[in-house]
Amino acid sequence: MTFAPAALVGESFVGTGVNAAHTNIVVGRKGGPVETAWATALATPSAGHVPFVTVVRPGVPVKPLTLFVTKAAASGDLHERATWGSAQAGLAQGVADAVEHGLIPAAEADDLLIIAAIWVNPGVADLDESFRNQRAAAFGAIRAAVAGTPTVDEVRAAARAGAANPFYEPGATVLAESAPAPEAAR
């Protein structure tokens with residue numbers, strides 16, 4: 001059976017504070033819609049958002065070829081070093097880890113492409129922590145994509161508990177007041 005006959009999508013958030021990593025990935029086959037999106041993104045950078053090929057080392061792109069797409073325009077020396085340095089290295093290592101651990105079959109790595117949308121906080125303060133978090137987030141996003149997680153039931157259970165993220169968590173009153181009226185579902 002062919003790995004990833006359709007696009008696989010995964011997400012992972014690792015760490016806390018300014019050194020946290022938030023990674024969204026799409027894995028797909030060359031010759032399919034992911035390749036079109038990959039090439040289009042690479043060929044159409046916008047001010048502050050320059051997609052680039054992720055490398056393990058200069059001249060050694062990670063396999064599957066992975067496009068690093070920034071969610072925050074690089075600003076200031078440390079943020080630039082984190083974006084093009086520690087976060088890129090963490091993404092490359094996380095993708096390589098996914099191949100090494102069999103999440104992505106090594107025999108198919110040359111036939112696949114990954115698009116990774118990466119959040120690096122402009123306030124990043126620790127390049128080593130940024131690397132560790134991004135490595136774990138990349139691996140976790142690929143693991144989620146391959147496993148098809150979370151399931152719809154897991155999402156529904158989380159939503160019943162209330163939407164929350166590291167930047168905002170509504171209280172019980174806000175959740176209750178903002179819920180759709182029962183007749184809205186009809």
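1. Start with helix α4 (residues 152-161): this helix gives the most to the lining of the largest pocket, with 4 residues. Helices here are DSSP runs of H or I with at least four residues, strands are E runs of at least two, and both are numbered from the N terminus. Keep in mind that this is a predicted model: local features need pLDDT of at least 70, side-chain atom pairs count only at pLDDT 80 or more, and totals for chains, interfaces and linings use all residues. Residues are numbered from 1 along each chain as its sequence is written, and side-chain values use heavy atoms, with hydrogens and water left out.

2. So who sits around that pocket? The lining is made of E11, P150, E154, V155, A158, A159, G162, A163 and A164. The volume of this largest pocket is about 220 Å³. On a 1 Å grid over the protein atoms alone, a pocket is an open set of points with protein on both sides within 12 Å along at least five of seven lines, a cavity is a set where a 1.4 Å probe fits but cannot get out, and lining residues have an atom within 4 Å of a point.

3. Two strands count as paired if DSSP finds at least two bridges between them. Strand β6 (residues 65-70) runs parallel to β7, with 6 bridges; T70 has I118 as its bridge partner in β7.

4. For an antiparallel example, take β1 (residues 8-14) and β2 (residues 21-29), which pair over 7 bridges. Between these two hairpin strands are 6 residues, and G15 in the turn shows a positive phi of about 100 degrees. V14 has its bridge partner, A21, in β2.

5. What holds the most contacts inside the largest nonpolar core? Those residues are F3, I25, L91, I104, I114, I118 and I142, in a core of 28. A core is a set of buried Ala, Val, Leu, Ile, Met, Phe, Trp, Tyr and Cys residues joined through side-chain atoms within 4.5 Å. Helix α2 gives the most to this core, with 7 residues. Leaving out residues up to four places away in sequence, I142 touches I25, G94, V95, A98, L103, I104 and I114. A second, separate core has 5 residues, including W38, L67, L113 and I115.

6. Last, have a look at W38 in helix α1 (residues 33-43). Is W38 buried or exposed? With a relative accessible area of 10%, W38 is buried (buried is under 20%, exposed over 50%, partly exposed in between, with a 1.4 Å probe and protein chains only). Apart from neighbours within four places in sequence, W38 contacts V53, L65, T66, L67, L113, I114 and I115, where contact means heavy atoms within 4.5 Å. The C-alpha atoms of W38 and T151 are 26 Å apart, with 113 residues separating them along the chain.

How values were computed: Points joined across faces, edges and corners; volume = space filled by probe spheres on them.
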